[in-house]
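My notes follow the order in which I checked them.

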Amino acid sequence: MTRPRPGFADDLDETLAEAFRLLARGVADRRSPIHTPSLASIGPDGAPRIRTLVLRGFDAPTRTLRVHSDRRSGKAMEIAADPRVAVHAYDAGAQVQLRLGGTATLHAEDAIADAAWATSTDNARLVYTTALPPGAAIPTPTLPSALSDGREHFAVLVLRFDALEWLWLCADGHRRARFGWDSAGQASAEWCVP
Ligand SMILES: Cc1cc2nc3c(=O)[nH]c(=O)nc-3n(C[C@H](O)[C@H](O)[C@H](O)COP(=O)(O)O)c2cc1C
């Protein structure tokens with residue numbers, strides 16, 4: 001039996017709304033593949049760097065995603081030098097790939113970081129307690145005991161996207177769409193060849 005075609009199939013507004021629904025579900029549902037997207041940044045040598053992160057927040061009106069990391073991490077250094085980032089996620093159940101492009105800002109000492117730290121579990125806080133920064137070489141895989149509660153190493157990265165590319169795989173014909181927002185917030189949307 002063929003599945004009914006969803007309402008977003010041939011409708012750009014519905015497609016964007018569906019992309020936003022998937023992002024919101026990625027925050028709320030730990031089993032969603034969009035809960036752990038990939039974040040790419042630009043290394044000091046100009047080469048791309050990519051890693052998995054937990055998606056902690058999504059705010060549709062400001063087109064921002066929130067992720068948490070160690071402020072001493074490679075990604076934090078890279079973003080401080082060049083804030084351009086890309087985010088990738090593929091939801092195999094929905095057969096949707098999302099690719100976002102935008103800029104990141106690091107929040108370590110402000111109310112955004114305080115609020116995120118306040119809602120972090122003890123387990124989530126544990127990774128920020130190391131005296132040595134992430135990526136530092138250690139002689140054995142065992143970490144020395146924690147020196148602090150980790151707050152001074154914790155940071156929030158707010159990723160604001162101004163480009164979103166949608167790819168929906170469908171046996172009847174794939175659908176690819178590009179959405180963009182200029183600096184005045186003016187939106188554009190178009191279909192493109194998958
Ligand atoms: C499923 C999964 C979730 C992860 N979530 C986070 C996260 O939320 N924050 C984070 O800093 N690193 C997270 N990591 C580790 C990163 O992928 C990465 O290895 C680490 O942050 C170092 O990256 P960097 O050296 O590029 O800064 C996660 C890894 C996996 C596999």
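**Cysteines**

I looked at Cys192 and found its sulfur 16 Å from the closest cysteine sulfur, in Cys170, which is too far for a bond. I kept in mind that the model is predicted. A disulfide is a covalent bond between the sulfur atoms of two cysteines. My count of disulfides in the structure was 0. Cys170 is in no disulfide.

**Lys75**

I went to helix H2, residues 74–81, where Lys75 lies. Which side chain of opposite charge is nearest to Lys75? I found Asp70, 8.1 Å away. Lys75 is buried yet has no salt bridge. Leaving aside neighbours within four places in sequence, I listed its contacts as Leu39, Arg51, Leu53, Ser69 and Leu157.

**Nonpolar cores**

I looked up the largest nonpolar core and noted 33 residues. Among those touching the most other members are Leu23, Leu65, Phe161 and Trp166. I traced core residues to helix H1 (12–28) and to strands including S4 (64–70) and S7 (154–168), each of which supplies at least two. A second, separate core has 7 residues, including Ala113, Trp117, Val156 and Val158.

I also checked Leu65 on its own. Not counting residues up to four places away in sequence, Leu65 touches Leu23, Phe161 and Val158, among others.

Conventions. Residues are numbered from 1 along each chain as its sequence is written. This is a predicted model: local features need pLDDT of at least 70, side-chain atom pairs count only at pLDDT 80 or more; totals for chains, interfaces and linings use all residues. Side-chain values use heavy atoms; hydrogens and water are left out. A disulfide is a pair of cysteine sulfur atoms within 2.5 Å. Helices (H or I, at least four residues) and strands (E, at least two) are DSSP runs, numbered from the N terminus. Buried means under 20% relative accessible area, exposed over 50%, partly exposed in between (1.4 Å probe, protein chains only). Lys and Arg count as positive and Asp and Glu as negative; His and the chain ends are not counted. A salt bridge is a side-chain nitrogen of Lys or Arg within 4 Å of a carboxyl oxygen of Asp or Glu. Contact means heavy atoms within 4.5 Å. A nonpolar core is a set of buried Ala, Val, Leu, Ile, Met, Phe, Trp, Tyr and Cys residues joined through side-chain atoms within 4.5 Å.
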